Amino acid sequence: MAVQDIITYSFNDIFNISIVDFDKACLINESGQLNTYTIYWIKEGKADYNIDFKTYAIDKSVIFFLSPGQIFSVDNEKIKTAYKLSFKRDFYCIQTHDKEVSCNGVLFNNLYETPFVSPSEDENKKLQFIIDSLLDELKSENTGQYDLLQAYLKQFIVNSVRIKKEITPLKTDEETVLFKEFSLLVEQFYKEEHTVTSYANRLGISPKSLTKHFQRLGFETPSDIIKNRIILEAKRQLSYTNNSVKEIAFMLGFNDPAYFTRFFKKALAVSPLQYRNKDAN
């Protein structure tokens, strides 16, 4: 399906909605590294998606919540009805209030949980009403569009958080909160800080205690989480940029590209160049 067959409405190049709505299922192919916060609502259709090199097969109403830098690609996709909402950080990212619906909340910037929710039929109706309100506002020329569009987007995210909480109640115990704080720090500093000690110091806890907390929760070790985040970014860079292995090594905080190559090969059993060449074939 050609790109021009998708209808898109935009606001100041910082927020937009794309609509796919067909009488017969059509195929869409979209892949690459995202540069905005993106919500994909596949309301009706079937698809196999790859998100950060993990495959998700869907055959019902599903909403994906993706953050800048994540890799999104399509194995196959036959969609009858779908929406894509994308926005830049400046448009909607609540940092100090409403933590559950912020860009560091339940849905976005959370690499360690399933990145989607599956609304029920009644929930679909509520979300469709919000989408219709967003579209009506985008088509209008009224004043105060920014505030109203932002409010509608927040309603969509609030309802999605509720859906997620109904399926998987959010844990608020001390250890789970510690894991969330740790994972946010890793996302912020993984390019500069590679040791558990550096993150433990930021959290005001000893490295040994941090590891024990994660063991009790059944999570990966802090060391593995740091390593896997670095490897994920390396795979993104090797697959979707032309940066050299040396450039990627320096970007990820390795002073010695040869050490980075050994680090990568130990994790994946292939060198960075072998991974890139394999991915290109």
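These are my notebook entries on a predicted model of one protein chain.

**Entry 1: the overall count**

I began with the whole chain. I counted nine helices and eight strands in its secondary structure. Of its 281 residues, 47% are buried. I then looked up how far apart in sequence the contacting residues sit. Among contacts with a separation of 6 or more, 70% join residues 24 or more positions apart.

**Entry 2: the E4 and E5 hairpin**

Next I turned to two paired strands. Strand E4 covers residues 37-51 and strand E5 covers residues 54-58, and I found them paired in the antiparallel sense over five bridges. I looked up the partner of Ile51 and found Lys54, in E5. Two residues lie between the strands of this hairpin, and Asp52 has a positive phi near 50°.

**Entry 3: helix H6 by itself**

I checked the length of H6, which runs over residues 222-240. Its 19 residues reach 27 Å from first C-alpha to last, close to the 27 Å expected at 1.5 Å a residue.

**Entry 4: H6 against H8**

I stayed with H6 and looked at how it meets helix H8 (residues 257-268). The two axes come within 11 Å and cross at roughly 100°. Angles of 65 to 115 degrees count as roughly perpendicular, so H6 is roughly perpendicular to H8. I then listed who makes the contact. From H6 I have Lys227, Ile230, Ile231, Ala234, Lys235 and Leu238, and from H8 I have Phe260, Phe263, Phe264, Ala267 and Leu268. Sorted by class, this contact has nine nonpolar residues, two charged ones and no polar ones. I also noted a general point that helps when reading such a list: an α-helix has 3.6 residues a turn, so residues three or four places apart point the same way.

**Entry 5: helix H4 and what follows**

For H4 (residues 196-203), I asked which residues are buried. They are Val196, Ser198, Tyr199 and Ala200.

**Entry 6: Ile6**

My last stop was Ile6, in the segment before strand E1 (7-11). At 22% relative accessibility, Ile6 counts as partly exposed. I also looked up its distance to Tyr83. Ile6 and Tyr83 are 77 residues apart in sequence, and their C-alpha atoms are 9.8 Å apart in space.

Notes:
Residues numbered from 1 in each chain as written. Predicted model: local features only at pLDDT ≥ 70, side-chain atom pairs only at ≥ 80, totals over all residues. Heavy atoms only, no water. Pairing = 2+ DSSP bridges. Helix = DSSP H or I, 4+ residues; strand = E, 2+ residues; numbered from the N terminus. Axes fitted to C-alpha atoms, helices over the stretch in contact; angles between N-to-C directions. Parallel < 35°, antiparallel > 145°, perpendicular 65-115°, else oblique. Contact = heavy atoms within 4.5 Å. Nonpolar A, V, L, I, M, F, W, Y, C, P; charged D, E, K, R; others polar. Expected span 1.5 Å × (residues − 1). Buried < 20%, exposed > 50% of the residue type's maximum accessible area, 1.4 Å probe, protein only.
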